[in-house]
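Please look through the briefing below alongside the sequence and the model. It takes the topics one at a time.

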Amino acid sequence: MKKRLLFCLMAGLACGGFFTSCSDDDDPTTDEVVICPIAQTTYTDASGLVLTYSGQPVLGKQVVFTPDANDGSKATLTISGVLDLSSLTGMMAGRQDASAIGVPGVIPGQVTTTIPVDLTVSGDEVSFEGTTDQDGCTIAYEGSASEGGLTLNLNVTMPANDLTGATWTISGEAPIHFVWESDKQISIVPGMLDMPIGDIINLALSFPLLGEQTVNGALTQVFHSVTFGTDGNITAEYKKNMTDAEWATSPLNVAQYTANSGSLRLFLNPSMIIANIQNAGLSRSTTTDIVTNLMPVLLQYLATGIPMTYVQEGTNLSVYLETETALQFVEALAPIFQDEAFVAQIMQMIASNPSLGQLSNMITPVLQQLPEVIAATTNMEVGVNFQK
């Protein structure tokens, strides 16, 4: 009996060994090792980066590709902005340390975006595709990379807000939202006639400063509407010239936004700002002065966005800068209005238009007293009024 039991036990062990041996032949005990062919690499516009956002090119960004040290089938993409100050040569000298300037990332509100990706390796190239949710944003991505370059296409849906997906047409009656209250009034006739600065500016806006056009009227002819995209882009319908028959649409990825409960952050492309000022028709010296004075103010808001307020009442929308931010821009521009050449340009423009005789008497006192008015400012709002 004991011999029979021992025999059965030996036979069972032999059988188990046989089947285990067969299984080992079919399934290797070691997995195939995936090796990523790309080391950690930083890609920029100058080194092979092709980046799109909502199907349109984005410049001024960088992507750092970092392979997983423990798994060659995984990597991380770190997307951030870079700032080329070469176009601002001479404008920033002694004004601000370029290394201290924050730069916006590719997604509005995110200075840096990090995306973990699963890689498909094919020779010396990798590809990746997927979707991730971050900070309320849904980010769909796809691309490929090699040592020579990286292509990355992003389609982003931002968190919904009051403005998402809506198009607003500029108000036909009062397109410019402007409030300026100061404890210092402008003395037009010393001891006899004082006027609030806000009244003077609003009066100027109603005069035909541009040929036969008022500033308000001219604005409605060249600026039609804005659309707040679900991807965080702001696009505008506008005309490059008043004589154009059709409205043009601004490109994507020039102006972006985030919005929440009446607070809006506007993210701008500084290169576009320079181009727009240069196309304004002012003299080269005046253009340089404007850019030089405005640029330090704008650069401090590149990463965080320009803080604005929006107020929606029914079908009306006002978007404007409030006192603290608006004053920074006014103070930056104030020295230009003390420049004799610039003042001469303004006075020549007024002199060529007989209907501006009443306004010409106010220009000199306003410019002379502007620093005191700015110093005594209690409230300022500068923006645009829209209708849905």
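Strand 8 (125-134) and strand 9 (137-146) form a hairpin with two residues between them, and Asp135 in the turn has a positive phi of about 50 degrees. Helices (H or I, at least four residues) and strands (E, at least two) are DSSP runs, numbered from the N terminus. This is a predicted model, in which local features need pLDDT of at least 70 and side-chain atom pairs count only at pLDDT 80 or more, while totals for chains, interfaces and linings use all residues. Residues are numbered from 1 along each chain as its sequence is written, and side-chain values use heavy atoms, with hydrogens and water left out.

**Hairpins**

- Strand 8 and strand 9 run antiparallel and are joined by nine bridges; two strands pair if DSSP finds at least two bridges between them.
- Asp133 has Thr138 in strand 9 as its bridge partner.
- Strand 7 (residues 120-122) pairs with strand 8 in the antiparallel sense over three bridges.
- Val121 stands opposite Val126 in strand 8.
- Strand 7 and strand 8 also form a hairpin with two residues between them, where Gly123 in the turn has a positive phi of about 65 degrees.

**Gly136**

- Gly136 is in the loop between strand 8 and strand 9.
- Gly136 is exposed, at a relative accessible area of 55% (buried means under 20%, exposed over 50%, partly exposed in between, with a 1.4 Å probe and protein chains only).
- Beyond its neighbours within four places in sequence, Gly136 is in contact (heavy atoms within 4.5 Å) with Thr157, Met158 and Pro159.
- The C-alpha atoms of Gly136 and Pro159 are separated by 5.4 Å, although these residues are 23 apart along the chain.

**Charged side chains**

- The count is one salt bridge, meaning a side-chain nitrogen of Lys or Arg within 4 Å of a carboxyl oxygen of Asp or Glu.
- Asp118 forms a salt bridge with Lys74, with the closest N and O atoms 2.8 Å apart.
- Asp118 lies in strand 6 (residues 112-118) and Lys74 in strand 5 (residues 74-81), so the pair ties together parts that are 44 residues apart in sequence.
- Lys74 is partly exposed, at 33% relative accessibility.

**Aromatic rings**

- The count is three aromatic pairs; rings of Phe, Tyr and Trp (its six-membered ring) pair if their centres lie within 6.5 Å, and planes under 30 degrees apart count as stacked, over 60 as edge-to-face and the rest as tilted.
- Phe178 and Trp180 have ring centres 6.3 Å apart and planes at 70 degrees, so the pair is edge-to-face.
- Trp180 is buried, with a relative accessible area of 9%.
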